[in-house]
Amino acid sequence: MALTDKLKEIETKRNTKNACAYMAMYESLSPADQKALDEAWSKGYSANEVLSALRSEGVKSSNEAISRHRKNICACQEKK
Ligand SMILES: [Zn+2]
């Protein structure tokens, strides 16, 4: 692996370390998936519904991470 790639990987890890588990997952999604996720929340989907959709796509997340973020009791500053 090129040094620039390696350093970029470390930088990504440092950034996601400060974010909550939900945002770390969110940031790993493609822009299209992020948009779909935002729309799911605006349509009033429950955390369970969103979680099962994420899992069916192979995205790892947890009900706890989602609910903490949704209730604004997570570590991140940027609320989505
Ligand atoms: Zn959060």
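**Confidence.** I looked up pLDDT, the predictor's confidence in each residue from 0 to 100, and found that the chain averages 87, with 89% of the residues scoring at least 70. This is a predicted model, in which local features need pLDDT of at least 70 and side-chain atom pairs count only at pLDDT 80 or more, while totals for chains, interfaces and linings use all residues. I number residues from 1 along each chain as its sequence is written.

**Helix 2 against helix 5.** I then checked helix 2 (residues 21-28) and helix 5 (residues 63-70), whose axes come within 8 Å and cross at roughly 100 degrees, the axes being lines fitted to C-alpha atoms over the stretch in contact and the angles running from 0 to 180 degrees between N-to-C directions. Helix 2 is therefore roughly perpendicular to helix 5, a label given to angles of 65 to 115 degrees. I listed Ala21, Tyr22 and Met23 from helix 2 and Ala65, Ile66 and His69 from helix 5 as making the contact, where two residues are in contact if their C-beta atoms, placed from the backbone, lie within 7 Å.

**Core.** I found six residues in the largest nonpolar core, namely Tyr22, Met23, Met25, Tyr26, Leu37 and Ile66; such a core is a set of buried Ala, Val, Leu, Ile, Met, Phe, Trp, Tyr and Cys residues joined through C-beta atoms within 7 Å. Helix 2 supplies the largest share of this core, four residues.

**Leucine 51 and helix 4.** I located leucine 51 in helix 4 (residues 47-56) and recorded it as partly exposed, because it has 18 C-beta neighbours inside 10 Å; buried means 20 or more other C-beta atoms within 10 Å, exposed 12 or fewer, and partly exposed in between. Leaving aside neighbours within four places in sequence, leucine 51 is in contact with Ser61, Asn63 and Ile66. Of the ten residues of helix 4, I noted that the number buried is zero, so helix 4 lies largely in the open.

**Positive phi.** Just after helix 4, I found glycine 58 with a positive phi of about 80 degrees. In the segment after helix 5 I came to asparagine 72, a residue other than glycine whose phi is also positive, near 60 degrees. Most residues other than glycine have a negative phi. I count asparagine 72 as exposed, because it has 8 C-beta neighbours inside 10 Å.

Notes
Helix = DSSP H or I, 4+ residues; strand = E, 2+ residues; numbered from the N terminus. Parallel < 35°, antiparallel > 145°, perpendicular 65-115°, else oblique.
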